[in-house]
Amino acid sequence: MDKVFIEALEIEALIGIYDWERRIRQPLLFDLEMDFDNRKPAASDDIADTLNYKDVSKRLIEFVSQSDYGLVETLAERCAEIVLKEFGVARVRLKLSKPGAVRGARAVGVIIERSAA
């Protein structure tokens, strides 16, 4: 299966379990790898036939910017659900990084893989 990817999509969000985290917006980084058959768009050269990564990015920016979760695990799960349900993707691998959350580490976070039912 072909892959369409989005790398290092930065979105500011209200995320975290500590009181100080609930008062500020923090940058999160998203890497997505989505299974998509690119033969049709390659043959047609028509953006309407693609998995439009701009549309996926805009939808995630909209959702994450308005979210208010305590855990990155919850946010990652909800984002994967959006990609699977709204964009007809068969499988998504999503990495959500929270830069600066742990002293001495560039970032921490989760990587999940989900498939459509």
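Student: Which side chain is joined to the side chain of D35 by a polar contact of 2.8 Å?
Tutor: Keep in mind that this is a predicted model. D35 sits in strand β2, which covers residues 26-35. Leaving aside neighbours within four places in sequence, its contacts include M1, D2, V89, A90 and R91. The side chain that makes the 2.8 Å polar contact with D35 belongs to K3.

Student: Okay, so is D35 buried or exposed?
Tutor: Look at the relative accessible area, which is 11% for D35. Buried means under 20%. That makes D35 buried.

Student: How are the rings of F63 and Y69 arranged: stacked, edge-to-face or tilted?
Tutor: The count of aromatic pairs comes to one. In that pair, the ring centres of F63 and Y69 are 6.4 Å apart and the planes stand at 40°. Under 30 degrees would be stacked and over 60 edge-to-face, so the pair of F63 and Y69 is tilted.

Student: Which element gives the most to the lining of the largest pocket?
Tutor: This pocket has a volume of about 260 Å³, and 17 residues line it, with E21, G70, V72, K98 and A101 nearest its centre. By class, the lining has ten nonpolar, four polar and three charged residues. Both α3 (72-87) and β5 (107-115) supply at least two of the lining residues. With three residues, the element that gives the most is β5.

Technical notes
Residues numbered from 1 in each chain as written. Predicted model: local features only at pLDDT ≥ 70, side-chain atom pairs only at ≥ 80, totals over all residues. Heavy atoms only, no water. Phe/Tyr/Trp six-rings, centres within 6.5 Å; stacked < 30°, edge-to-face > 60°. Helix = DSSP H or I, 4+ residues; strand = E, 2+ residues; numbered from the N terminus. Buried < 20%, exposed > 50% of the residue type's maximum accessible area, 1.4 Å probe, protein only. Polar contact = N/O pair within 3.5 Å; in protein donor to acceptor, adjacent residues only side chain to side chain. Contact = heavy atoms within 4.5 Å. 1 Å grid on protein atoms, 1.4 Å probe; cavity = no way out; pocket = protein on both sides within 12 Å on 5 of 7 lines; lining within 4 Å. Points joined across faces, edges and corners; volume = space filled by probe spheres on them. Nonpolar A, V, L, I, M, F, W, Y, C, P; charged D, E, K, R; others polar.
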